[in-house]
Amino acid sequence: MGLAVRKIVSNVDLLAEHGIDGLLEQWGRWGCSGVGTGSLSTPMYDNTHWVSDDIALWIDRAVAQLGECDSRKKAAGYKLVDRKRALFLYYRERYNIPMVANALKVGETKASLVLRSAEAWVEGNLTLIQVR
């Protein structure tokens with residue numbers, strides 16, 4: 001089995017084992033740990049994470065594509081709540097749902113639905129990447 005195929009199988013196993021919320025939580029911790037940022041500042045909080053740079057970048061790419069998808073829809077006239085921002089607030093900034101709702105200027109139910117929609121989109125994107 002080639003290296004690329006082994007990596008994809010490993011990524012599939014991680015997604016199945018930890019779920020999208022577990023992987024996104026690790027991605028959030030990874031992003032705040034200062035890894036790869038070139039920053040000399042102290043991390044914002046306890047950033048222990050087990051996710052590798054490869055996996056975190058894999059998730060980062062999917063989140064970036066979510067932002068691009070939403071931007072295209074907004075340009076086409078759709079009214080959307082920023083799902084990428086909801087992910088960043090919840091997983092990187094560690095906001096709770098009421099805080100996310102306040103930042104997005106929506107109700108708590110809507111904020112929760114936006115967050116779940118973003119998680120589902122990222123999970124679907126990661127699954128598609130694996131199939132290709």
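I will start with how the model should be read, and then go from the whole chain down to single residues.

This is a predicted model, in which local features need pLDDT of at least 70, side-chain atom pairs count only at pLDDT 80 or more, and totals for chains, interfaces and linings use all residues. Residues are numbered from 1 along each chain as its sequence is written, and side-chain values use heavy atoms, with hydrogens and water left out.

First, the chain. It has five helices and zero strands, and along the sequence the pattern reads α-α-α-α-α. Helices here are DSSP runs of H or I with at least four residues, strands are runs of E with at least two, and both are numbered from the N terminus. Of the 132 residues, 37% are buried; buried means under 20% relative accessible area, exposed means over 50%, and partly exposed lies in between, with a 1.4 Å probe and protein chains only. Among contacts with a separation of 6 or more, 62% are between residues 24 or more positions apart, where contact means heavy atoms within 4.5 Å.

Next, the helix pair. The axes of H3, residues 83–92, and H4, residues 97–104, come within 10 Å and cross at roughly 140°. That makes H3 oblique to H4. Axes are lines fitted to C-alpha atoms, for helices over the stretch in contact, and angles run from 0 to 180 degrees between N-to-C directions. Under 35 degrees counts as roughly parallel, over 145 as roughly antiparallel, 65 to 115 as roughly perpendicular, and the rest as oblique.

Which residues in H3 and H4 meet? From H3 they are Arg85, Ala86, Leu89 and Tyr90, and from H4 they are Ile97, Val100, Ala103 and Leu104. The residues of this contact divide into seven nonpolar, no polar and one charged; Ala, Val, Leu, Ile, Met, Phe, Trp, Tyr, Cys and Pro count as nonpolar, Asp, Glu, Lys and Arg as charged, and the others, Gly among them, as polar.

Now helix H5, residues 108–131, which holds Asn125. Is Asn125 buried or exposed? Asn125 is buried, at a relative accessible area of 12%. Leaving aside neighbours within four places in sequence, Asn125 is in contact with Ala62 and Gln65.

Thr109 is also found in H5. At 60% relative accessibility, Thr109 counts as exposed. Its C-alpha atom is separated by 8.6 Å from that of Ile97, 12 residues apart along the chain.
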